[in-house]
Each structure stands twice: as structure tokens, then as C-alpha cells.
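Trainee: Could you please take me through this structure? I would like to understand how its parts are arranged.

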Amino acid sequence: MIFITAKFRVLPEYADRWPEVVEEFTRATRAEPGCLWFDWSRSLEDPTEYVLVEAFRDDEAGAAHVGSAHFQAARRTLPPHLAATPKIVNAKVSQEDWSLLGEMAVDEG
């Protein structure tokens with residue numbers, strides 16, 4: 001899979017509304033057949049920083065995402081809300097889902 005983590009620094013006036021700003025983009029991306037997950041989190045230390053964790057099945061799914069109409073629309077509509085260019089880590093990972101963190105295993109029985 002393609003595993004991507006991106007940090008978005010949002011202008012302070014949009015920080016509380018960021019989930020609304022990205023709602024359509026998020027919904028459309030999650031509906032893509034090759035999208036495994038697309039999840040936003042907000043930093044506990046910096047309320048203007050959001051972290052996006054996303055994964056796509058393979059290169060083909062990643063290319064379909066970048067070529068989609070909703071991605072192209074986001075390229076136009078999201079930057080005016082940002083304080084800086086997002087930072088990204090993009091890696092191919094040989095798995096298809098999250099692994100369990102064995103060092104913090106929970107007895108669920």
C-alpha cells in the first residue's frame with residue numbers, strides 16, 4: 001500500500017473550521033475504491049496543525065486519487081486556508097491494514 005502522512009498548518013482564523021473546510025474532499029476521497037483510509041487529527045500542542053493519515057491500495061489507486069476531480073478542486077480551494085505548504089511523508093508499505101502494537105497489547109478477554 002501507499003502510506004502517507006501530511007501535516008497541514010492552517011491559518012488561525014480557519015483552525016476550528018478546518019474539518020468543515022475539508023469535509024467534501026474527505027468524503028469524496030474516502031469513497032474512492034482504492035482508498036484504505038483517510039483520517040484527520042488535530043495536534044494537541046498546536047491547534048493550527050492538522051495531521052492527515054491516508055493510505056491507498058497501490059500506485060494505481062494513488063494515481064487515481066491525484067487525478068480525481070475532488071483532488072484538483074482541493075488544490076485550488078485549500079491553499080487559501082493554509083499558513084504554510086503542507087509537509088508530507090510518503091512510503092510504500094508491504095501490508096494492507098494496521099498492525100497491532102504488541103508492546104502495548106490489551107487483554108480483550
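Predicted model: local features only at pLDDT ≥ 70, side-chain atom pairs only at ≥ 80, totals over all residues.

Trainee: How many helices and strands does the protein chain have?

Mentor: The protein chain has 4 helices and 4 strands. Helices (H or I, at least four residues) and strands (E, at least two) are DSSP runs, numbered from the N terminus. From that end, the order of elements is β-α-α-β-β-α-α-β.

Trainee: And what does the C-alpha trace span along its principal axes?

Mentor: The C-alpha trace spans about 45 × 35 × 25 Å. Of the 109 residues in the protein chain, 33% are buried. Buried means under 20% relative accessible area, exposed over 50%, and partly exposed in between (1.4 Å probe, protein chains only).

Trainee: Let us turn to H2. Which of its residues are buried?

Mentor: Phe25, Thr26 and Thr29 are the buried residues of H2. They line one face of the helix, because they fall within an arc of 100 degrees when seen down the axis of H2. The arc is that of the directions from the helix axis to the C-beta atoms. Glu24 and Arg27 are exposed on the face turned away from the buried side.

Trainee: What covers the buried residues of H2?

Mentor: The cover includes S2, S3, H3 and H4. Leaving aside residues up to four places away in sequence, Thr29 touches Cys35, Phe38, Phe56, His65 and His70. Contact means heavy atoms within 4.5 Å.

Trainee: His65 is in that list. Which residues of H3 are buried?

Mentor: In H3, which covers residues 59-67, the buried residues are Ala61, Gly62 and His65. These too lie within an arc of 100 degrees seen down the axis of H3, so they line one face of the helix. Glu60, Ala63 and Gly67 are exposed on the other side of H3.

Trainee: What do the buried residues of H3 pack against?

Mentor: They pack against strands S1 (2-9), S2 (35-42) and S3 (49-56), and against helices H2 (23-30) and H4 (69-77).

Trainee: What happens at the start of H3?

Mentor: There, a side-chain oxygen of Asp58 comes within 3.3 Å of the backbone nitrogen of Glu60.

Trainee: Now the pairs of helices. At what angle do H3 and H4 pack?

Mentor: The angle is about 50 degrees, and the axes are 5 Å apart. Axes are lines fitted to C-alpha atoms, for helices over the stretch in contact, and angles run from 0 to 180 degrees between N-to-C directions. H3 and H4 are therefore oblique to each other. His65, Val66 and Gly67 of H3 make the contact with Ala69, His70, Phe71 and Gln72 of H4. As for the terms, angles under 35 degrees count as roughly parallel, over 145 as roughly antiparallel, 65 to 115 as roughly perpendicular and the rest as oblique.

Trainee: And how do the axes of H2 and H4 cross?

Mentor: They cross at roughly 155 degrees and come within 9 Å. H2 and H4 are therefore roughly antiparallel to each other. On the H2 side, Phe25, Ala28 and Thr29 meet His70, Phe71 and Ala74 in H4.

Terms used: Residues numbered from 1 in each chain as written. Heavy atoms only, no water. Polar contact = N/O pair within 3.5 Å; in protein donor to acceptor, adjacent residues only side chain to side chain.
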